[in-house]
Amino acid sequence: MAILGIVAIVGVVSYYSQDLPDHKTLMNYHPAVVTRVHAGDGRILGEFAQERRIFMPFEEIPPLVRNAFVAAEDQNFYTHGGVDYVAIARASVVNIQNILMKNNRRLIGASTITQQVAKNFFLSNERKIKRKIKEAVLASRLESVMSKDQILEIYLNEIYLGSRTYGVAAAALYYFNKPLDAVTIEEAAYLAALPKAPSNYHPVRNHDAALERRNWVIERMEIEKFITEDQAEIATLKPLRMLKRSADHIVNAPYFAEEVRRELLAEYGEDGLYKGGLSVRTSVDPELQAMATKALRDGLEDYDRRHGYRGPITTLNIVPAAEKSLWQDALDKVEDPDGLLRDWALAVILDVSKDSAEIGLKTGETGKILREDSKWARKYIGTDARGPAVSSLKDVLNVGDVVAVMLKDKNIYTLKQVPKVQGGLIALDPHTGRVLAMQGGWRYGKSQFNRVTQAKRQPGSSIKPFVYLAALENGFTPATLILDAPIVIEDRPGHFWKPENYSKDFDGLTPLRRGVEKSKNLMTVRLAEYVGMDTVATYVKDFGIDDNMQPLLSYALGAGETTLHDMAAAYAKLVNGGKYIRPTFIDRIQDRYGNTIFRHDQRPCKDCGSLVRWGQQDVPKMPDQRAQIADPRHVYQMVSILSGVVERGTAVRLRSLNRPLAGKTGTTNDSKDTWFMGFTPDMVVGVYIGFDQPAPLGKKETGSSVALPVFKSFMEEALKDVPARPFRVPPGVRMVRINADTGQRAKAGDERVIWEAFTSGTEPDDSITILESGGIRKMSKIPTGNTSDPTSSASTGTGGIY
């Protein structure tokens with residue numbers, strides 16, 4: 001019978017050993033590992049994974065953690081050959097007793113760690129004898145080709161420990177917010193308690209059961225002599241607490257993180273992104289990002305409030321002074337609208353008087369809204385119309401209205417409204433292209449549309465600097481006089497276009513500089529016509545604004561489309577002297593082994609890292625590999641002109657910042673899109689504001705009134721502790737004092753005198769250069785008389801853009 005039994009066992013094992021998976025594949029174990037994205041200061045920006053896992057080599061896993069799992073799961077791990085026959089016998093006895101006693105307990109197993117590895121990688125979870133036999137066979141084979149340490153390494157990295165965490169390193173971070181080498185005895189015991197049933201031992205939802213299981217593991221560790229009796233006693237008395245990752249360790253920049261995710265997905269595919277274990281260092285500056293988010297939200301809310309209150313989110317059927325249970329239950333059923341900020345809350349109006357309104361919150365608390373804080377809430381009638389001033393809150397709020405509020409002080413709340421208008425802000429380093437901050441909308445939520453990188457909009461007048469740069473590189477100077485007068489253009493056979501200035505007036509012969517400072521459409525069109533739209537289109541393409549710009553004069557006024565991202569990059573190329581840069585959100589990418597597989601800065605540096613100590617030696621020199629796309633002298637002339645926009649032009653309100661600044665406003669037809677592109681010598685900031693479905697913002701709304709305040713708010717904070725620096729002047733530029741009205745050299749008695757930048761050899765003499773309808777001509781003095789062009793039979797309007 002013994003022989004027959006042995007033959008039967010051999011036969012069964014041989015039968016189930018057929019067609020088993022190749023166990024040797026585990027020799028090349030490469031688990032799916034979480035991709036972690038870091039901000040510029042090293043804090044976590046985001047994690048992307050299907051399985052949240054951080055791979056830890058065996059030698060990096062503390063003995064305390066390894067021993068806890070051995071004690072709990074497989075105390076004979078280092079002595080058996082893959083199958084623990086003693087444990088099997090013990091489990092069989094217990095199971096037979098449970099069956100005979102009919103206590104309906106689940107059958108217990110005796111799987112070793114090696115068997116669990118075999119099951120997790122090669123077999124299903126079905127509870128059948130044939131699966132257990134296959135599991136035992138595979139476990140024995142694994143033990144023949146792998147060391148115990150290798151098997152335990154795989155197990156501790158692969159095991160599921162609840163809440164989408166796989167492996168001990170990820171679990172330690174999730175449950176205790178600490179690296180594996182900082183885990184204590186009681187924490188290691190808790191982690192080892194999880195493999196049996198992670199969902200049954202959550203430290204918060206199933207606290208008592210989790211604590212009992214943890215203490216059992218501590219007892220097992222003491223029995224196995226992994227810890228002393230005193231250590232076990234102290235660990236058992238420790239409370240079981242879950243420590244969530246501190247908000248201070250996480251950077252909240254979801255638009256930025258999503259843009260990085262898209263780039264990684266495009267470059268490395270889904271497996272590389274979600275399983276590859278990449279370590280990504282981004283360029284985002286968390287402090288600047290917080291400033292950008294606040295500045296944009298404040299600007300969007302300011303615009304929204306200027307146009308009035310659109311009414312409640314919904315209305316509940318309650319009576320004044322209703323019982324708390326009635327209004328609280330009704331309010332609980334109201335879903336938070338998309339766009340509600342974290343520090344806002346929904347409230348229901350319980351009672352209203354002239355100067356205050358009583359509100360109730362979902363928490364059951366009550367508070368007040370004051371009329372003095374709600375004067376903005378005039379009834380919205382249309383983009384250009386509001387109701388009368390708020391003389392009583394009864395004109396604004398009614399009992400049962402559900403509104404958004406934000407705590408102001410104690411039980412005083414302010415009335416809030418999620419703006420319908422949207423926008424974006426981007427800040428980048430013009431010398432490297434590193435994107436320092438980006439906010440792609442009011443709030444990243446149901447809509448993840450990024451108005452910085454994805455929204456293509458007409459840039460309006462913000463494109464004009466590139467028209468004027470084309471002129472500067474083709475014989476013009478900032479002092480060339482251009483006729484600011486009506487012009488009629490046949491833009492297609494039989495159709496005549498008559499562009500206009502935004503102000504509807506014109507100034508006659510005007511220096512080129514002022515055409516940018518005052519955003520003169522007529523001067524811009526006349527200049528673009530003379531230089532040639534093919535030439536202008538080349539500059540627009542070279543600066544990365546629009547690769548498919550049509551050679552039509554309306555495009556010189558911003559009739560094409562581009563993104564805020566591309567426009568900011570174009571302005572960066574002005575700031576840095578005409579060098580080509582490519583905006584980047586990513587500084588460096590490392591693979592799971594720490595090898596650098598991407599670096600934004602590709603400059604070679606043969607002396608970098610070769611010196612161990614600092615000995616006052618020269619800093620290693622690195623070559624400038626950026627392509628020169630425009631003459632730095634002419635680019636500086638444009639920078640100087642754009643600084644005049646701040647000093648005397650459409651961005652004059654920025655003068656109060658009292659530091660070198662330059663920029664350009666942009667507003668499209670019917671004020672559908674508003675822009676401000678501004679910069680210091682070392683930072684470019686672009687702001688766009690408009691509706692996602694293009695619609696007028698209002699007759700009086702322009703880039704100066706809508707987008708520029710956001711830029712100013714951001715810069716006030718961003719530059720607070722940054723020393724002021726002048727714009728860099730390249731060789732070959734001469735600064736000359738000229739008459740700001742005539743463009744001639746300044747003379748005694750001239751009232752309006754400015755410093756103007758000229759390239760060497762183009763400084764003004766006693767003559768003047770004029771561009772008018774007949775072309776360019778030189779004169780000894782400015783002509784007098786009518787400088788206007790005929791305007792007969794032309795259709796009026798701005799041609800779509802001003």
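**A pocket and its salt bridges**

The lining of the second largest pocket is made up of 17 nonpolar, five polar and 14 charged residues. In this classification Ala, Val, Leu, Ile, Met, Phe, Trp, Tyr, Cys and Pro are nonpolar, Asp, Glu, Lys and Arg are charged, and the others, Gly among them, are polar. The model is predicted, so local features need pLDDT of at least 70 and side-chain atom pairs count only at pLDDT 80 or more, while totals for chains, interfaces and linings use all residues. Residues are numbered from 1 along each chain as its sequence is written, and side-chain values use heavy atoms, with hydrogens and water left out.

The second largest pocket has a volume of about 1000 Å³. A pocket is here an open set of points on a 1 Å grid over the protein atoms alone, with protein on both sides within 12 Å along at least five of seven lines, and its lining residues have an atom within 4 Å of a point. The lining of the second largest pocket consists of 36 residues, and Asn252, Ala253, Pro254, Arg297 and Arg342 lie nearest the centre. Two or more lining residues come from each of β2 (44-48), α11 (254-275) and α12 (286-306). Helix α12 gives the largest share, eight residues. Helices (H or I, at least four residues) and strands (E, at least two) are DSSP runs, numbered from the N terminus.

Side chains of opposite charge can pair when their charged atoms come close. A salt bridge requires a side-chain nitrogen of Lys or Arg within 4 Å of a carboxyl oxygen of Asp or Glu, and by this rule there are 40 salt bridges. In one of them, glutamate 701 meets arginine 306 at 3.1 Å, N to O. Because glutamate 701 lies in the loop between β24 (683-690) and α20 (703-718) and arginine 306 in helix α12, the pair ties together parts 395 residues apart in sequence. Glutamate 701 is buried, at 6% relative accessible area, whereas arginine 306 is partly exposed, at 35%. Buried means under 20%, exposed over 50%, and partly exposed in between (1.4 Å probe, protein chains only).

Aspartate 741 meets arginine 514 in a salt bridge of 2.6 Å, N to O. Aspartate 741 lies in the loop between β25 (733-739) and β26 (753-759) and arginine 514 in helix α15 (residues 512-517), so this pair ties together parts 227 residues apart in sequence. Arginine 514 is buried, with 16% relative accessibility. Aspartate 741 also forms a salt bridge with arginine 752, with the closest N and O atoms 3.1 Å apart.

Definitions and conventions: On a 1 Å grid over the protein atoms alone, a cavity is a set of points where a 1.4 Å probe fits but cannot get out, and a pocket is an open set with protein on both sides within 12 Å along at least five of seven lines; lining residues have an atom within 4 Å of a point. Grid points are joined across faces, edges and corners, and a volume is the space filled by probe spheres set on the points.
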